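Hello,

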Amino acid sequence: MKQISVFLEKRKGKLKEITSALADENVSIKAVELVESSEFGILRIITDDIAKAAETIEKNGFSLTLSDVLAVEIDDETGAFNKVVSLFSDEGIDIEYCYTLNSESKGSFIFKINPKLLSKAKSLLQANSISFK
């Protein structure tokens, strides 16, 4: 699964510029994370049409990067998140960051992992019957 990361100046209306442009192009945002520092922010999004979203964002003057991430499906039960974190940790797979993606039936956690370890993480999830995209 691909994620878009956008560097944002910390100025009023910058986030709205992106969300409005995506809405105007009928691109649906499925997951969002906004991280800030004192002078800038990083917007991370997953959409229903990543190519169209990237084109729209760039057309509106923003720089972006595309990253591979895992959307790991979890059941709504105690310890489900810990199971995945423990699997990764026990196999030496560091999580760079994570956030959530929700649907009507199940939630998913988005995990950013070192690209060199992505195949290993996928194999580990498959071996433990954990769904992901």
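A helix here is a DSSP run of H or I with at least four residues, and helices are numbered from the N terminus. Please keep in mind that this is a predicted model.

Let's start with the overall picture. The chain contains 4 helices and 7 strands, and along the sequence they follow the order β-α-β-β-α-β-β-α-β-β-α. The C-alpha trace spans about 45 × 30 × 25 Å along its principal axes. Of the 133 residues in the chain, 38% are buried. If you take the contacts between residues at least 6 apart in sequence, 67% of them join residues at least 24 apart.

Two residues deserve a look at their backbone angles. Most residues other than glycine have a negative phi. Asparagine 26 is not a glycine, yet its phi is positive, at about 60 degrees. You will find asparagine 26 in the loop between helix H1 (14-24) and strand E2 (29-36). Serine 129, also not a glycine, has a positive phi of about 55 degrees, and serine 129 sits in the segment after helix H4 (118-127).

Asparagine 26 counts as exposed because its relative accessibility is 65%, and serine 129 counts as exposed because its value is 69%.

Best wishes

Notes
Residues numbered from 1 in each chain as written. Predicted model: local features only at pLDDT ≥ 70, side-chain atom pairs only at ≥ 80, totals over all residues. Heavy atoms only, no water. Helix = DSSP H or I, 4+ residues; strand = E, 2+ residues; numbered from the N terminus. Buried < 20%, exposed > 50% of the residue type's maximum accessible area, 1.4 Å probe, protein only. Contact = heavy atoms within 4.5 Å.
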